[in-house]
Amino acid sequence: MKPAAFNYAKPSSVEEVLGLLSEYGDEATILAGGQSLIPTMNMRLSAPALVIDINGLDNLNGISDEGDRLRIGALTRHVEIENSELIASHAPLITLAMPSIAHPAIRNRGTFGGSVAMADPAAELPACLCALDGEIEITGQNGVRKVVAKDFFKELYETDAGDGEILTAIEIPKISAGYRSAFDELARRHGDYAMCGIAAHAKVDRDVLSDLRLAFFAVGGTPVIATQAMSAMEGKSVDDESIFAAQSALEDDLEPFDDLHCSATLRMHYAKELTKRMLTTLSARN
Amino acid sequence: MTNEIEQIPVALTVNGEKVSKLIEPRLSLVDFLRNELELTGSHIGCEHGVCGACTVRVNGEIVRGCLMLAVQANGGEVETIEGASDSGKIDDLQKAFHERNALQCGFCTPGMLMTTTELLATNPDPSREEIREYLSGNYCRCTGYEAIVDAIETVAQERKGA
Amino acid sequence: MPDTKSMIKDHVLDRPNSYIGRSVPRPNAKRLLAGRGTFTDDVKLPRLTHVAFLRSTYAHAEIVSIDVSEAKESEGVVAVVTGPEMAEVCSPWVGVLTHLEGLKSAPQHALAVKKASWQGEPVVAVVANTRAQAEDAIELIDIEWKELPVVADMETALDPETPLIHPELGDNLAWQRDLDAGDVDTAFANADHVIEETYISNRHTGVCLETRGIVADYNPGEDQLTIYHSTQAPHMMQSLFAKHLNIEEHKVRVICKDVGGSYGIKVHSYPDEYATVALAYMLKRPVKFIADRLESFTSDIHARDHRVKTKVAVSNEGEIQAFEIDDLTGIGPYSVYPRTSGIEANQVVNLTGGQYTNPNYRARAQVVLQNKSPMCQYRAVGHPILTLITEGMVDDAARKIGMDPLEIRRKNLVPDDAYPTTAPSGLPFENLSHHASLYKLVEMMDYDGLRKDQAEAREQGIYRGIGLATFIEVTNPGPAFYGVGGAPISAQDGATMRLDAKGNVIVEIGVTEQGQGAEAVVAQCAATALGVSMDKIKVIAGDTDITPYGGGTWGSRAAGIGGEAAVQAGKALRQNIVEVAGIMLQCDPSTLDIRENNVVDLADGNERMALAEVGRVCYYRPDTLPKDYQSELVVTRHYVPKQFPFAFTNGVQGCYLEVDTNTGFITFKKYVVVEDCGTVINPLLVDEQVRGGVIQGLGGALYEECLYSDEGQFLNGTMADYLVPMAAEMPDVEVGHVESPTLDSELGAKGAGEAGTGGAPAVVMNALNDALEPLGGKVTIQPFTPERILQAIGKI
């Protein structure tokens with residue numbers, strides 16, 4: 001199927017984008033990497049009157065070191081992040097997650113900002129940002145604001161970014177000494193959206209975990225931070241008992257759903273299995 | 001509705017040749033290559049970015065030709081299987097695929113070759129597992145993949161020895 | 001058995017410089033590697049238009065009214081055609097065959113008339129200057145539908161309270177077949193053990209990477225239809241298009257260039273393809289239809305939706321004493337034309353248990369109608385199901401009596417020296433090699449070593465399983481398959497060979513290239529039989545105006561039937577050439593032969609004359625030949641199997657896999673296939689047919705499932721949601737051969753295209769159940785997903 005007809009604009013500044021957004025409202029859509037948007041247009045599931053291609057906004061590209069944080073421009077492609085030394089050194093969770101995102105040709109084109117803005121509940125990066133307390137920079141007519149990840153993802157495909165706003169950057173605190181990250185997901189085939197996935201981050205002292213973050217994806221309408229499981233594990237040694245406690249707490253944290261690929265029951269089972277794996281991985285001695 | 005659609009002029013380099021056209025914004029890159037330029041070696045298998053049959057190179061990187069608008073390639077450089085083949089730089093890959101029968105119907109083959117070219121450029125000595133992972137977004141219904149993996153492994157070895 | 005090799009003079013397998021048995025790469029693959037193939041969508045004609053179809057979004061609904069007025073005014077639109085208008089040009093069809101007695105179906109139209117019976121049935125055709133414009137116009141068509149009750153579940157399709165899809169048929173039962181051989185009741189009554197089970201194969205589909213496509217053009221000046229079609233059977237399609245458009249067959253030319261995968265999907269006739277041809281005829285200009293992926297999922301045929309209740313009797317000593325099966329299959333609202341949708345169930349009845357000595361066999365197959373996409377023959381027709389249940393039952397029996405799966409097979413498989421023999425269903429088997437194949441497999445996979453490894457792994461809490469699946473496979477079908485039932489499908493195929501003036505050879509064949517290597521194999525046969533090198537040969541296939549009339553490529557027939565035709569044509573052409581060479585050389589033609597592009601002395605191979613010289617004289621200087629002599633450098637030969645209705649092949653698959661009992665994910669550790677396809681013409685191509693076939697079978701075993709709602713809505717009709725096997729998860733497959741040539745042809749080649757697919761689900765299931773047995777788990781529902789595996793062992 002071919003997309004319905006649309007007009008195309010390729011502005012060269014954020015101001016221009018905002019102007020078009022306010023002019024066209026719901027009729028306009030933003031094209032970044034296009035790896036999620038274009039399939040829906042090719043199926044005529046979305047049929048915008050105007051496609052605003054933001055790939056001309058060069059200042060939204062790139063990864064920079066901002067002292068205690070990394071700043072990632074919204075248009076930075078997955079492949080650049082995958083290969084970035086800065087990311088590998090200071091936000092290793094993101095590096096761990098990258099190979100699970102689709103396939104090379106998709107990662108060459110897809111953007112960090114696009115993935116976050118799309119807020120697909122099965123996507124890896126939103127959960128990683130939740131685990132790392134990343135911040136999302138949103139630019140609108142009233143200026144620039146930042147929202148922490150856990151408040152950014154509102155509901156299924158809904159974010160805190162309003163109609164006239166665009167996502168311009170993501171900031172991620174650099175990993176502190178003594179902290180570790182781990183990532184895993186269970187997908188039927190390599191590169192598929194996961195049936196269940198987890199991004200984990202914690203301070204590790206021998207086998208004791210503290211300041212633990214467990215962020216799940218593909219288990220709800222948004223990434224889910226498993227607060228009960230996290231507190232069940234807080235300050236504990238990773239052993240059978242603490243793992244079981246964390247797993248049991250997931251019953252309160254998660255409300256998984258049924259879909260074509262996986263039942264809610266299986267998702268919960270996988271969440272527990274992944275929790276065990278992550279806790280074990282985080283506490284494993286180097 | 002369509003009356004209000006503004007056609008867009010594009011000028012780009014395709015397989016080393018400069019081309020310029022006036023096109024509808026909704027035209028995908030692969031439809032542009034196939035229909036406007038008659039470069040029919042890039043194939044359409046799904047139009048939702050899953051099968052990899054339309055894989056082409058844009059500004060040096062492989063992309064899904066169905067997930068990029070032709071207007072987005074404006075000013076850029078595009079290489080298709082025809083360009084890669086005629087340039088002679090994938091002779092060894094084509095030969096290895098041929099000798100190993102790493103294609104049957106051949107519909108996925110241009111996409112496989114374009115993907116493989118990038119794989120070997122970024123990882124000249126891949127393991128079988130790495131080859132399989134890199135090809136994980138390219139669907140082949142005929143071969144069962146093993147012969148493709150074998151052929152790529154052979155070329156990697158040969159290039160290493162060369 | 002008679003040794004025909006010694007009976008045939010000048011046997012092709014005795015030729016010097018033979019290409020038979022050599023791994024020759026396919027000459028025609030090079031253009032595909034260069035991106036220079038010609039697939040149907042690559043065909044562009046002057047004044048080309050594009051058709052898109054409005055398809056029913058309901059599984060079952062009456063068309064109250066259709067308003068196309070706005071669509072007709074849409075930019076670029078050439079024509080908008082509804083069902084009744086189409087029916088004036090293209091007559092309806094009924095997918096029945098007389099040899100499937102009692103099979104019934106309703107008239108089916110190119111575009112739905114009055115009602116739609118599945119989600120995806122074409123209803124209105126829009127022809128426009130571009131596909132996008134046609135799709136734009138479709139959005140402007142207004143149809144008023146009246147929903148009808150949906151028959152989705154095949155289990156309740158025959159219940160009295162279930163509404164009828166076609167009331168004029170009287171019920172939703174398209175066909176039923178019962179078979180009762182031996183004395184089943186006594187066998188079960190006296191058995192030491194009777195094991196019952198229910199196996200389910202869920203509906204899946206072919207997902208050819210190149211979707212279906214057709215470009216049709218009508219030239220009224222010549223009253224000629226020219227059709228470029230991605231098909232397996234050009235002459236069959238020629239016949240069908242001619243019949244339903246009421247045109248003489250020779251006025252219809254079907255050209256089949258490169259085909260991007262077919263696997264049986266493109267051997268059927270489809271409503272949207274008739275419609276495209278009819279539109280070209282109506283508009284007198286070319287019309288192209290290329291199915292998009294979304295419509296492919298609902299309009300390509302589906303297959304293998306079966307629920308089979310099984311019952312097996314076994315003695316304490318491991319003798320299998322009876323098989324009984326009750327197969328229920330749902331085929332959608334129509335039996336597909338012209339091959340019908342009864343064949344899959346028919347195969348299940350015919351061949352279940354056929355490799356075993358047990359004579360007591362009872363089978364029932366019920367083929368029911370439902371409001372889902374039509375189901376029909378797809379690669380390895382019926383075999384994945386019948387092998388699944390046969391080998392499932394054998395493992396059920398082995399488990400019950402605590403016998404090793406290898407031992408029970410050795411005990412019960414028909415001995416290799418017992419052939420020819422007859423299956424309980426009455427089908428004759430010429431020569432099969434179950435024991436030799438099994439022996440070879442056991443060696444290749446190191447069965448005992450794997451059992452040891454399995455036991456050691458289990459002590460560490462790792463669950464690994466070994467699966468075995470023996471199989472038989474229908475190949476080289478004769479007229480018994482379709483022709484006897486009235487289908488216009490040629491059972492025989494021909495090869496025309498022409499020596500040109502420069503000593504090159506053109507071979508025109510009725511079988512078609514689908515990527516499996518038919519052209520290469522034919523070239524090997526032709527080159528060998530004639531005595532030329534392969535670079536002198538050009539093979540032409542897929543054009544009804546040019547090639548000998550033939551059946552095309554399906555049922556693993558291209559190599560066995562097309563190859564034999566080429567052998568006979570090559571031999572005949574050689575005879576003609578040495579005859580004229582004998583005149584030119586003034587010697588007895590029987591002392592001459594052709595080797596490596598030269599006429600040579602038969603006795604010592606001494607070169608006498610180049611073929612180019614023969615060509616030069618015959619074409620340019622026939623005045624130098626005797627006045628009463630006419631050379632004939634073109635010959636045609638045909639072949640159809642005559643002694644047996646089919647050339648059955650056999651083989652065995654074995655796999656070793658590990659199950660992660662926490663996730664239900666499996667990892668293949670070893671996968672081995674031993675295949676007996678008779679004479680192996682080209683090992684490289686045969687092995688890749690087997691490998692590709694296995695992976696396609698693993699798709700069904702592990703991933704593929706057409707999911708439907710209770711309302712008959714196809715739920716996973718995208719490539720993101722319908723999962724096919726991809727590179728990262730699939731195993732390497734070791735392939736071995738046993739060669740039991742068919743004596744029905746000189747070449748002795750049987751088919752190899754479907755063996756991999758037929759055995760894969762069974763071997764995976766048996767390996768899984770072997771792995772899960774200590775946990776009390778058993779899977780019986782295909783695909784064997786992680787969820788089903790975890791459910792089987794009570795983890796979820």
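**Exercises on a predicted model**

Residues 24 or more positions apart make up 62% of those contacts in chain A whose separation is 6 or more. The structure is a predicted model.

**Exercise 1.** Determine which secondary structure elements chain A contains and how its radius of gyration relates to the globule rule.

*Solution.* Step 1: chain A holds twelve helices and 15 strands. Step 2: the globule rule gives 19 Å for 286 residues, and the radius of gyration of chain A is 19 Å, close to that value, so chain A is as compact as a globular protein of that length. Step 3: along the principal axes, the C-alpha atoms of chain A fill a box of roughly 60 × 45 × 35 Å.

**Exercise 2.** State what percentage of the residues of chain A is buried, and describe the accessible surface of the chain.

*Solution.* Step 1: a residue is buried if its relative accessible area is under 20%. Step 2: 60% of the 286 residues of chain A count as buried. Step 3: the accessible surface of chain A is about 11,000 Å², and carbon and sulfur atoms contribute 46% of this area.

**Exercise 3.** Find how far apart the mean positions of the positive and negative charges of chain A lie.

*Solution.* Step 1: chain A carries 25 positive and 42 negative charges. Step 2: their mean positions are 5 Å apart.

**Exercise 4.** Identify the domains of chain C and describe how domain 2 and domain 3 are placed.

*Solution.* Step 1: chain C is divided into domain 1 (4-37 + 492-639), domain 2 (40-148 + 208-299) and domain 3 (383-476 + 643-792). Step 2: the centres of domain 2 and domain 3 of chain C are separated by 38 Å. Step 3: nine residues from domain 2 of chain C and nine residues from domain 3 of chain C take part in the contact.

Methods: Residues are numbered from 1 along each chain as its sequence is written. Chains are lettered from A and ligands numbered from 1 in the order in which they are written. This is a predicted model: local features need pLDDT of at least 70, side-chain atom pairs count only at pLDDT 80 or more; totals for chains, interfaces and linings use all residues. Side-chain values use heavy atoms; hydrogens and water are left out. Helices (H or I, at least four residues) and strands (E, at least two) are DSSP runs, numbered from the N terminus. The radius of gyration is taken over C-alpha atoms; the globule rule is 2.2 Å times the number of residues to the power 0.38. Buried means under 20% relative accessible area, exposed over 50%, partly exposed in between (1.4 Å probe, protein chains only). Contact means heavy atoms within 4.5 Å. Accessible areas come from the Shrake-Rupley method with a 1.4 Å probe; for residues, only the protein chains shown count as cover. Lys and Arg count as positive and Asp and Glu as negative; His and the chain ends are not counted. The place of a charge is taken as NZ of Lys, CZ of Arg, CG of Asp or CD of Glu. Domain bounds come from an automatic or database domain assignment.
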